[in-house]
Amino acid sequence: DLDIQGTSASPVEIWGSWVAETSIQARWQGFLLSAGSSATVSHASISDSRGGFDIESGASLEISSTNLVDNIIGVWNKGSLTGDGVICHSASTSCLRVDGSTSINQVTSSFSSEVIHISNGGNANIGTIHSVDDADVIVLDAGSTFNGQVDANRFSRVVRGSGSVTAIVTLGTIGTGNVLVEADSLSGLFVTGGSPCTSNCTVESILTGIVDDVEFSSLFLHCGGLNPCIDARIDGALEFAGAWPSTEIYPTSLFARLRGDGDARFNGISVHSNHTLFDVSGDGTLSVENSTLRGNVGTISGWTIEFSNTVIPAETSGFVLLDVEAQFNLVEVVRDFSSSDTTSVGLQAVWSNIVMDNMTMTGWNEGIVCESECSLTGDVVSSGGGGRTSGSGITIDGGSVRIETLETSASDVGINVIDGSIHVENWTVDMAHRSYGIQLANDANAI
């Protein structure tokens, strides 16, 4: 068995002195703990090794207050690792690699390629990871298990994961970095915390890659720049939830580019943006509920969408729906009135089937445009308020509309039927239209 016991005032120092002909740095092999052996290490400094501690299956190491400097791998655990933890500096491969079972209070790392890498079958329970200037903070291979908190600053990726994992990552203090989660057909990851923000809380991307099953909760992040905050192919399920405290996201570019045929759900979140919110295409399902999304909605193509109990204060443009099945319930898409506006559109639908219940479109030059085989049915719909100099509350051009109760207000025309049909049972004009209440052209009809 191995016992290395230093003190805080006088730590045990072990380093390499042999330099290979093909190298400029001294290297030594490190400590190998074979099956059946055990070691206790405290207040030590291990440097220049290929692997500071290589723990075979069936071996155990208890470690605390130990510095691992300029090692290729700080600790490679295939057996059992416990203790207060380790401090790594400049691990060229990994500070801590886990193939076995690890339960330690903390891992502190700087300038390492990876802080902790968990392989298939590895199980790591880490109190807190403290990371500064590392590339990857947590690497999850398929079949790995992780639970722990992360404080990270100036990172490339907080989580890089692939395949099916079982992982709970709790965000503590997040400074600045590139990617929060990079996914490669990743499932079983739950990321929570970080709200309220106690540092810079800024990343280039929250999520990139291919998602099978990933969930985020209670985030507070600034994101974007050259890339979207979320840029992912959804093959399974992606969820953002508010929980408590709420999820607050501040994009400086596109909020979410979504592809694939899976399900993306946003529940109880607040997005604060002056840019486009969504760029969505494929054959998936997007649901947004109990949320406030500030920004220009964007284009959604091919997906099924469900928006409920949601307010969208937009800047210049609303929904563009192409070949979409859509349901809206208790949704407001609002825009500040501008007397010079002659181009804004709250909702434009092409080849789409739309169901609305308690839908409000306010401040748009064109509130709703239903064209080219669009079909819209509604219970209570309010559309208008874009100014009396131009535009309409609702325009039909090659589509069909049936609404039980419609309210239009303050536009040049209330209902403009260029081509197609509209059936309204109850119609209220809140503020008189300048030219016509209803305008018909071609073979259009209105009932």
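## Briefing: an all-strand predicted chain

A compact globule of 447 residues would have a radius of gyration near 22 Å, but this chain has 29 Å (taken over C-alpha atoms, with the globule rule being 2.2 Å times the number of residues to the power 0.38). This is a predicted model, where local features need pLDDT of at least 70, side-chain atom pairs count only at pLDDT 80 or more, and totals for chains, interfaces and linings use all residues. Residues are numbered from 1 along each chain as its sequence is written, and side-chain values use heavy atoms, leaving out hydrogens and water.

**Overall build**
- The C-alpha trace spans about 90 × 40 × 35 Å along its principal axes.
- Of the 447 residues, 51% count as buried (under 20% relative accessible area; exposed is over 50%, partly exposed in between, with a 1.4 Å probe and protein chains only).

**Salt bridges**
- The whole structure holds 13 salt bridges (a side-chain nitrogen of Lys or Arg within 4 Å of a carboxyl oxygen of Asp or Glu).
- Arg-157 pairs with Glu-182, with their closest N and O atoms 3.1 Å apart; this links strand E15 (residues 155-174) to strand E16 (residues 176-193), across 25 residues.
- Arg-257 and Asp-231 meet at 3.0 Å, N to O, and they connect strand E21 (residues 256-260) with strand E19 (residues 230-241), 26 residues apart.
- Arg-265 and Glu-289 form a salt bridge at 2.7 Å between the closest N and O atoms; Arg-265 lies in strand E22 and Glu-289 in strand E24, so the pair ties together parts 24 residues apart in sequence.
- Shared partners join Glu-114, Asp-136, Arg-157, Arg-160 and Glu-182 into one salt-bridge network.

**Surface patches**
- Patches are built from residues with over 30% relative accessible area and no salt bridge, joining like charges within 9 Å and nonpolar side chains (Val, Leu, Ile, Met, Phe, Trp, Tyr) within 5 Å.
- Asp-261, Asp-263, Asp-283, Asp-323 and Glu-325 gather in a negatively charged surface patch (Asp and Glu count as negative, Lys and Arg as positive; His and chain ends are not counted).
- Trp-427, Val-429 and Ile-438 make a nonpolar surface patch of about 230 Å² (areas by the Shrake-Rupley method with a 1.4 Å probe).
- Trp-427 belongs to strand E34 (residues 413-429) and is partly exposed at 33% relative accessibility.

Note on methods:
The place of a charge is taken as NZ of Lys, CZ of Arg, CG of Asp or CD of Glu. Helices (H or I, at least four residues) and strands (E, at least two) are DSSP runs, numbered from the N terminus.
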